[in-house]
Amino acid sequence: LSHTHSDCCCYHNSPKSYILLKTWDPALKKRDDFEDILEERRSSSDLRYALRCYVPVVYKGIAPCKPGVLKTAVLQSDRLRHVVAEMSKETGESADVIREEASGILEEMAHRLRLGTVRFFAYSLSKAFKALFQRVRVNEDGIQRLQQSIQEHPVVLLPSHRSYMDFLIMSYILYTYDLSLPVIAAGMDFLGMKIVGEMLRMSGAFFIRRSFGGDKLYWAVFSEYVKTMLRNGYAPIEFFLEGTRSRTCKSLTPKLGLLNIVMEPFFKGEVFDVSLVPISISYERVLEEALYARELLGVPKPKESTSGLLKARKILSEDYGSIHVYFGHPVSLRSLAQGRINRSQYNLLPRHIPRRPSQETQAFVNETAYRLVRLQEENMVLRPWVLVAALLLQNPDGVDMERLVEQTSWLRGLAVSFGAFLDWPGNTKAVASSLALHTGLVRTEGGRAQLAMEPKEPGSPEEDLFDRAASVLSCASYRNQILHVFLRPALLGMAMQMAEASRKDDIYSCFSFLRDVFSNEFILCPGGTVQDFDEACYMLTKCAAVHVQKQEVVATEKGQRILSFLTSLFQPFLKGYQVGPAPFLELVDYPRHFCFLGFLPSLTCYEALSSDVQKNALAALLRMKVVRKLKV
């Protein structure tokens, strides 16, 4: 929708626009059914499973490439020879020395996939998953779509990233269904784990530095390695669009480096198409929940080590509920680029000569990345606990069980109408079973449920504050999993509160401002303000919360409860953005809209202590030129 806001915000009078809006509605999407892959594992031999005949389907029937052959292809590529020759001219070093350095980089980076190691992991992970999880559920229709794609085009797997368990569960599932095992981009941190790091390498991981700086040779080796694997379709390439695990369990702003690399062979006409597969991995209980809360409060992340892994064995005695893995529809890069990218520009230079992407290409890659993360969000499977967590955070003093069940049922209906992908037990004990699974975060006594915020041991006021904040942030990480469902209607509700009037243009202006403020916090596609506003109007009209007229947006009597809940749901972020930039408030000319954040009712908001909220608040102020960054 590229036309103006006034043209676009009248879907109630335009059948064509209304039909278009209906296509946005996730509630109308048909989603696949799931199968529990642990069910068979519980009744048959894990050893037989690990040693079974494994003959995966491959790209165009080609034979898998041995790691040594792949390295030779990279080192002898025209691209790397060109970069080596250029660097030799620039530095005066001999080409042989630079080639030796490139060989060392590749040796450190490259995977050495071996079936024997894969079988060992298949056996070990079967034992671990059966101990940790009640179910690992997979949409088999998605597996069939992936199987077809692997045979036709190079495939890039793009899972969401909430846990270290993500890449293990991905390889386990592909092995289970006789699909080609992926080669996985992993951080160098894992190489510090003796034995385990090399075992990960032999199960398909290739290791990259967190940042390359201006290391031209490293970038050339890395990009050529990835593109060689993609061009030849040796195996699906897997990486995390978010770049790192989300400590808050909501989607992070996508990183574009690897996505740029895997798209380039298509732009240059080296492959006919590339299939991009968004994958949503949903955890009923995240293994790292306590660790994440501490990291958000400033405790340094523990270094990955084999000894740390061995100490973590105690988690095998705990129950982490279910995992849902949803393989989305493969997205054709060729279809996405149709009419958007002029590929003839890539014919002006030989393919092996590196070139900076044009602004047109950068915008396309960025838009595609946001679109893929939104697809991940839409297919996240939500369990009852995320709704319960949202309600408990709004009732810090506790709530009667009977009322909690009633509120959860009401919220379930609202979430479904907004398109949430809920997995709800077929009994009346959904709330009770959720509370039982999360006894570390909530306590129930005397017919009431309340967040477990009391310190386990008496300590200093600072330690008590830390413990309470950690408990709130752990619970908030589950509530965050459903925020994408309510985000756009909530922004509209908050905009109506800010505008203090029903005039549509005023509300749209406030909506646009809030969307801009929170564009680092949530997945809001650049340039999508009009579409998001119309989507919010549609959602709230559908549940009879607002009445949209040509020039006005008016809350209905029924809508008061819905709008009150939505604004309360996002109030911790408003409060966090008020408190986070507090040191700057007297030093800058604060815009009128930002002052709105200070007029909220006073509340104790532990989420304002989250380093993630503080970082995003400061990024928003910098981007909106409220503050400026100086090197001193």
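**Close-up views of a predicted model**

D178 is partly exposed, with a relative accessible area of 25%, where partly exposed means between buried (under 20% relative accessible area) and exposed (over 50%), with a 1.4 Å probe and protein chains only. The model is predicted, so that local features need pLDDT of at least 70 and side-chain atom pairs count only at pLDDT 80 or more, while totals for chains, interfaces and linings use all residues. Residues are numbered from 1 along each chain as its sequence is written, and side-chain values use heavy atoms, with hydrogens and water left out.

**View 1. The loop that holds D178.** D178 lies between α10 (165-176) and β4 (183-187), helices (H or I, at least four residues) and strands (E, at least two) being DSSP runs numbered from the N terminus. Its phi is near 55 degrees, a positive value in a residue other than glycine. Most residues other than glycine have a negative phi.

View 2. The 17 residues of α19 (residues 401-417) should span 24 Å at 1.5 Å a residue, and the end C-alpha atoms are 24 Å apart, which agrees; the expected span is 1.5 Å times one less than the number of residues. Among the buried residues of α19 are L404, Q407, T408 and L411. Just after this helix, G419 takes a positive phi of about 100 degrees.

**View 3. D46 and its two salt bridges.** The side chain of D46 meets that of R41 in a salt bridge (3.6 Å, N to O), a term for a side-chain nitrogen of Lys or Arg within 4 Å of a carboxyl oxygen of Asp or Glu. D46 also meets K127 in a salt bridge (3.2 Å, N to O). Because K127 lies in helix α8 (residues 115-132) and D46 in helix α4, this pair ties together parts that are 81 residues apart in sequence. D46 counts as buried at 4% relative accessibility, whereas K127 is partly exposed, with a relative accessible area of 43%.

**View 4. The salt bridge of E242 and R162.** The closest N and O atoms of E242 and R162 are 3.0 Å apart in this salt bridge. E242 lies in the loop between β6 (237-238) and α13 (257-267) and R162 in the loop between β3 (155-159) and α10, so the pair ties together parts that are 80 residues apart in sequence. E242 counts as buried at 0% relative accessibility, and R162 is buried as well, with a relative accessible area of 7%.
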